[in-house]
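Please set out a briefing on this structure, grouped by topic and with the cut-offs behind each term.

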Amino acid sequence: MSALLVSGVGRVFPGVRGGRPVTALQPTDLSVPSDDFVTILGPSGCGKSTLLRIVAGLDRPTTGTVTLDGRPVRGPGPDRGMVFQSYTLFPWLTVEDNIGFGLREKGASAAETRETIAYYVDQVGLKGFEKHWPKQLSGGMQQRTAIARALANDPKILLLDEPFGALDNQTRGLMQELLLGIWERRHKMVLFVTHDIEEAIFVGSRIVTMSARPGRIKSIIPVDLPHPRHYTLKSSPEFSALRARLTEEIRSEAIRADSEA
Amino acid sequence: MIRPFQPVSARARVALGLSFFALFVAVWSLATFGGFVSRTFLADPLTMLADGWFLLSRQDFLFDIGMTVWRVVGGFVLAAVFAVPIGILMGAYKPVEALLEPFVSFSRYLPASAFVPLLILWAGIGETQKLLVIFIGSFFQIVLMVAGTVGATRQDLVEAAYTLGARDRGVVARVVIPSGAPDIAEILRLVLGWAWTYVIVAELIGASSGIGYMIINSQALMATGQIIFGIIVIGLIGLVTDVLFKALNHRLFAWRFA
């Protein structure tokens with residue numbers, strides 16, 4: 001049973017001021033089973049964010065279609081929750097109102113909203129910060145709220161576009177554990193875009209590597225590391241072997257992309 | 001030592017602010033009491049105060065102040081009630097912007113004061129004419145500035161709202177308006193200041209009450225003390241409304257100042 005089906009999805013941006021059109025993404029096929037955690041790994045300009053935005057419905061493919069549970073994606077919707085790299089909490093809403101944004105849009109009852117907010121506040125470890133404004137939170141706390149906000153809608157798939165890219169290394173490590181912990185407790189389809197190899201291995205069940213100019217899928221590598229995963233896994237030999245392999249793949253891509261830029 | 005961007009203490013801030021007022025009055029006193037400027041053209045501070053007292057106690061100047069405040073607030077509120085929604089529509093919906101923006105940009109440069117003779121022909125010299133002058137002066141400015149603010153709404157917030165299930169109306173009501181509200185309040189504060197200029201212009205011609213009417217009457221009497229008193233009253237009212245507006249914004253939009 002395949003839940004997310006990307007078939008022949010390509011994206012060409014029209015040329016700017018008479019320039020040549022740019023192929024951001026070559027026609028691509030990808031299928032994600034309903035409880036899979038897929039990481040998309042690649043250098044800048046490989047079209048990984050473009051692919052994610054097309055799945056989210058925020059960008060339209062030039063060719064191909066995306067279907068989720070058999071229903072074609074025509075625009076953004078609450079069945080596909082998204083966490084952005086930039087901080088996109090609504091600054092005029094408190095943490096709890098941010099998390100409840102989608103529920104209010106859905107018309108959920110006050111009791112259900114309160115319960116759901118409390119559950120996800122707890123899941124992302126933000127107890128005591130419910131009444132804070134985003135401005136009063138650290139970057140890591142803001143992204144935790146953003147994850148809770150996306151999950152509170154109970155989407156079929158969670159889309160994350162380099163969500164920890166702006167965080168410092170230590171916080172990033174903690175955030176990976178937190179996200180993975182949530183997924184291990186309650187399997188959900190996840191599409192996670194990153195350019196950090198360790199991150200891609202640690203959280204993912206499968207890694208889709210992409211290459212640049214034009215953007216396309218290069219390989220799909222399963223991560224056969226047992227769950228639940230502990231951060232010490234990062235220093236295990238299996239992890240290191242996978243990291244070495246991926247480093248080699250991504251490195252050659254990055255060099256090629258850089259020399260053509 | 002003054003260094004760039006170094007903050008000052010709250011007490012020093014108040015003291016410095018007041019000291020410049022003191023300096024201003026001191027220079028004025030020196031010029032008038034010292035005999036450097038003829039009394040015919042510039043009253044000294046004490047004469048100004050005496051004239052002010054005369055206006056308030058004998059000439060029912062409080063009524064004039066009330067009339068002027070009423071006209072400013074009336075014309076301004078009328079303009080804001082229509083201009084803010086139109087500005088929001090223009091900022092959010094590009095076809096509306098394409099339709100209205102050129103005309104509004106053109107109308108913005110039409111001087112409100114130049115409409116006074118025309119408005120007297122159309123609306124007489126009653127209150128309607130005064131309100132219309134302020135309306136014309138404020139309306140187009142508010143529309144354009146609100147449209148600009150709304151047009152600059154952070155697109156990543158709009159996208160986030162869509163992925164959370166918001167539809168077009170929800171995006172306008174729950175993202176565009178709340179995110180722009182503090183700037184819209186700031187625009188209104190700014191334009192209210194301008195409205196004070198238009199009201200005096202409206203009262204200089206064809207009025208029988210108001211601060212502007214008193215000023216034009218005092219000119220005929222060479223009562224410069226009264227004119228200066230009237231101008232200072234306007235300044236004080238402006239200062240007070242400004243402080244109130246700012247305090248209100250801080251309360252309403254606490255998230256921005258947190």
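**Chain B and its contacts**

In chain B, 72% of the contacts with a separation of 6 or more are accounted for by residues 24 or more positions apart, where two residues are in contact if their C-beta atoms, placed from the backbone, lie within 7 Å. The model is a predicted one, in which local features need pLDDT of at least 70 and side-chain atom pairs count only at pLDDT 80 or more, while totals for chains, interfaces and linings use all residues. Residues are numbered from 1 along each chain as its sequence is written, and chains are lettered from A and ligands numbered from 1 in the order in which they are written.

**Chain B overall**

- The secondary structure of chain B comes to eleven helices and zero strands, with helices (H or I, at least four residues) and strands (E, at least two) taken as DSSP runs numbered from the N terminus.
- Along the principal axes, the C-alpha atoms of chain B fill a box of roughly 70 × 60 × 30 Å.
- Of the 258 residues of chain B, 35% count as buried, a term that requires 20 or more other C-beta atoms within 10 Å of the residue's own, the C-beta atoms being placed from the backbone.

**Domains of chain A**

- Chain A is divided into domain 1 (2-79 + 155-260) and domain 2 (87-154), with bounds that come from an automatic or database domain assignment.
- The C-alpha centres of domain 1 and domain 2 of chain A lie 25 Å apart, and their contact takes twelve residues from domain 1 and 13 residues from domain 2.
- On the side of domain 1 of chain A that touches domain 2, helix α6 (residues 169-185) gives the most, with five residues.
- That side of domain 1 of chain A divides into eleven nonpolar residues, one polar and no charged, where Ala, Val, Leu, Ile, Met, Phe, Trp, Tyr, Cys and Pro count as nonpolar, Asp, Glu, Lys and Arg as charged, and the others, Gly among them, as polar.

**Helix packing in chain A**

- Helix α4 (residues 110-123) and helix α5 (residues 139-152) of chain A pack at an angle of about 140 degrees with their axes 9 Å apart, the axes being lines fitted to C-alpha atoms over the stretch in contact and the angles running from 0 to 180 degrees between N-to-C directions.
- The contact is made by residues including Tyr120(A) of α4(A) and Leu151(A) of α5(A), and its residues divide into six nonpolar, two polar and no charged.

**Interface of chains A and B**

- The contact takes 23 residues from chain A and 15 residues from chain B, and α3(A) gives the most to the chain A side, with four residues.
- The residues of the side of chain A that touches chain B divide into eleven nonpolar, seven polar and five charged.

Technical notes. A residue is buried if 20 or more other C-beta atoms lie within 10 Å of its own, exposed if 12 or fewer, and partly exposed in between; C-beta atoms are placed from the backbone.
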